[in-house]
Amino acid sequence: MNAKVEIVKQLVDNYSYIIYEKKNCLGIIVDPSEEEPIIQFLEKNYIKPVAILATHHHTDHISGIKGIKKKFSLQVFSPSKSISGTTNVVTEGQKINFNFVNFEVIATPGHTLDHIVYYSKKDKILLSGDTIFSYGCGRVFEGTNEQMLNSLNKIKNLPDDTMVYCGHEYTYKNLEFVLDEIIYREDKKIVKQKCKEMISKKGSSMPFDLGHQKHWNPFLNCNDIYYRQEISDFHKNKGEIASDASELEFFTYIREKRNGF
Ligand SMILES: [Fe+2]
């Protein structure tokens, strides 16, 4: 893999990323909310940013664009002209080729109607914004639950060894939700403890691998016969959802439960 990824913490629990290569010192910025730490990293490492990739219009993913554009001349790829600073509007299936890394755009409406994710097959990177999180998914603000489910199923079709870089550090809270409210695991205390330790040691749970999520993320398992059975059998869900409910009913049930967690 030519591309390296720098994880940049933003605001309270947001992540921006800088994807860069050392040979020609070029970089791409993902979902910037605060320009300062991003500019600092670029200057310290002599990296010239050539583009910004934005996943959706929420302020906490785009508020750094203006400050970065003041400092550097670069392209801004986003799903909508309404995102200030956009130079290239991109949609489903479009390819964006930089010399050191290439992305394909996948439309993932649900969290917002304009939401897109950026996928690099060669480098096995998915920039997922607020569509999929580790053990969770984004809230459905603008789209329908059905749209969000379809979007997550598109992501589920990507290879297991895809490394996902998402927009927020929600991993521990999401895992707590899964283990306390969704399924039974005898060793849940140990699993939670390990997760907590991993985040504090690394400083972040990013990136996470998609293959693991295909087994453990409830929002990717609404059509899995065994996972559904586990959910409907779990004592807190008894009588709430039947194992033969539809995939969409399962998704809606879990999403609403997570909203109130
Ligand atoms: Fe968002």
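Two notes on conventions before we start. Residues are numbered from 1 along each chain, as its sequence is written. Because the model is predicted, local features need pLDDT of at least 70, side-chain atom pairs count only at pLDDT 80 or more, and totals for chains, interfaces and linings use all residues.

Let's begin with the sheet that holds β1. Six strands form an open sheet in the order β1-β2-β3-β4-β5-β6, with mixed pairing. Strands here are DSSP E runs of at least two residues, helices are H or I runs of at least four, and both are numbered from the N terminus. Two strands pair if DSSP finds at least two bridges between them. β1 and β6 (88–89) are at the edges with a single partner strand each, so one side of each has no neighbour in the sheet.

Strand β1 (residues 4–10) runs antiparallel to β2, and seven bridges join them. Valine 8 sits opposite serine 16 in β2. Three residues lie between the strands of this hairpin, where leucine 11 takes a positive phi near 45°. By contrast, β4 (residues 48–53) and β5 (residues 75–78) run parallel, joined by three bridges. There, alanine 51 stands opposite glutamine 75 in β5.

On to the other sheet. It is open too, with six strands in the order β7-β8-β9-β10-β13-β14 and mixed pairing. Its edge strands are β7 (95–97) and β14 (208–209), each pairing on one side only. β7 pairs with β8 (residues 102–107) in the antiparallel sense over three bridges, and isoleucine 96 has phenylalanine 103 as its bridge partner in β8.

Now the helices. α5 (residues 171–182) and α6 (residues 188–202) pack at about 175°, with axes 10 Å apart. The axes are lines fitted to C-alpha atoms over the stretch in contact, and angles between N-to-C directions run from 0 to 180 degrees. α5 and α6 are therefore roughly antiparallel, a label for angles over 145 degrees.

Finally, the core. Which residues touch the most other members of the largest nonpolar core? They are Tyr17, Ile52, Leu53 and Leu127, out of 63 residues. Such a core is a set of buried Ala, Val, Leu, Ile, Met, Phe, Trp, Tyr and Cys residues joined through C-beta atoms within 7 Å; buried means 20 or more other C-beta atoms within 10 Å of a residue's own, with C-beta atoms placed from the backbone. Strand β2 (residues 14–21) gives the most to this core, with five residues.

Methods
Angles under 35 degrees count as roughly parallel, over 145 as roughly antiparallel, 65 to 115 as roughly perpendicular and the rest as oblique. A residue is buried if 20 or more other C-beta atoms lie within 10 Å of its own, exposed if 12 or fewer, and partly exposed in between; C-beta atoms are placed from the backbone.
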